[in-house]
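Dear colleague,

I am passing on the structure below, together with some notes on what was found in it. Please read them alongside the model.

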Amino acid sequence: MSWMRSLGCVFVLSYCYLVLQTDAQITDPSEVAALKSVKKNLVDPMKHLSSWERGDPCASNWTGIFCFDTYATDGYLHVRELQLLKMNLSGHLTPELGQLSRLIILDFMWNELDGTIPKEIGNISSLQLLLLNGNKLSGFLPDELGYLSKLDRLQVDMNYISGPIPASFANLSSVKHLHMNNNSIRGQIPPELSKLSTLRHLLLDNNNLSGYLPPEFSDLPELRILQLDNNKFIGSGIPDTYGNLSKLAKLSLRNCSLQGSIPGLSSIQNLLYLDLSKNELNGPLPPTLFDNITTIDLSDNHLNGSIPRSFSNLPSLQRL
C-alpha cells in the first residue's frame, strides 16, 4: 500500500507542477506588456479580445496571438504573429508594438483604426508582413519603416495616409509587394526605389503624387505590376526605359496627366494589361505588342495615325 501512496503523491505533485506551469508566465514579459498596451488602446465592441484578460498570451492561446513552439535562450516563448484582421476594432496603434521584437506578421487589416503608424514598428527587425490596409490611419509614413530589411509585404492601402514616400524605403531589400494605393500620399516618387531588386508589385494609384515617372524603374528586374493611376504627373512623359521591364505583366497609368508619345513596349513579352487612358499622349499607337496581351486601353488621349494591323493578330486580346 505504501508504494501506492507514494505513487499517488507523485501524481499529485506532478499535477500541481503542471498547474503552476500553466498559470506561470512563459511569454517574454516585455511582450506581454506590449500586448496589454495594444488592447488598452483598442475599442473592441464585439469582445473578440476577451481572452486577453486572463492567463498568459502563449500558454492561454490569446485570440490572434501565435507564438514560437520552442523556448528561446532567454527562457521565454516569443510572439511570432499578431493577427487581428476583420474584428471591427477601433482606436489606434500603440508605440509599444515595437517591443514585439521577434514578430514576423503584424496584421490589422480591415478594421476601423485611426491615428498614425507608430515609428517604433521600424524596430521589429524580424518583421516580414506589415498589413494595415483598410483602416482610417492618417499622418505620414514613418522613415523608420525603411529599417525593416526582412519585410516581404507592406500593405497600407485604403487609408488616409498623407505626406511623401520616405526615401528610406529604398532600404527594404527583401520587399516584394508595396501596396500604398488609395491614400493621399503626395510628392515625387523616390527614384531610389529602383534599388529594390526583389520588388514585384508597386501599387500607388489614387494618391496625390506629382513630379515625374522615374526612368530608373527600368532597373527593377522582378517588377510585374506598376500601377500608378489617378495621380498628377503633369507634363511628365512615359520613360522609354520602361520598355525594358521584361517581366512586367500590368502597366496601368490611367489619368496621370502624362504627355509625349507611347514608348516601344514590344520587348515586354509578359505584358497582359496596358492602360494609358485619360492622359494627353500623342503620336502613333505602339506598332507591335506580344501575343499574351488581353487588354489595351488607350482611350481619351491625342493619338493619331492608323490602328496597327498587328493588333488583329493578338489571339488573347479581349478589350481594345
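What is the order of the strands in the open sheet? The open sheet has 11 strands in the order 2-3-5-7-9-11-13-15-16-18-20, and its pairing is mixed; strands here are DSSP runs (E, at least two residues), numbered from the N terminus, and two of them pair if DSSP finds at least two bridges between them. Strand 2 (65–67) and strand 20 (295–297) form the edges, each pairing on one side only. From one strand to the next the twist averages 10°, with axes taken as lines fitted to C-alpha atoms and angles running from 0 to 180 degrees between N-to-C directions.

This is a predicted model, in which local features need pLDDT of at least 70 and side-chain atom pairs count only at pLDDT 80 or more, while totals for chains, interfaces and linings use all residues. Residues are numbered from 1 along each chain as its sequence is written, and side-chain values use heavy atoms, with hydrogens and water left out.

Within the sheet, strand 16 (residues 250–252) and strand 18 (residues 273–275) run parallel and are joined by 3 bridges, and Ser-252 stands opposite Asp-275 in strand 18. The charged end of Lys-250 sits over the ring of Tyr-273, 4.8 Å from its centre (the criterion is NZ of Lys or CZ of Arg within 6 Å of the ring centre and within 35 degrees of the ring normal).

Trp-52 is buried at 5% relative accessibility, and Trp-62 is buried at 2%, where buried means under 20% relative accessible area (1.4 Å probe, protein chains only).

With regards

Key
Helices (H or I, at least four residues) and strands (E, at least two) are DSSP runs, numbered from the N terminus. Buried means under 20% relative accessible area, exposed over 50%, partly exposed in between (1.4 Å probe, protein chains only).
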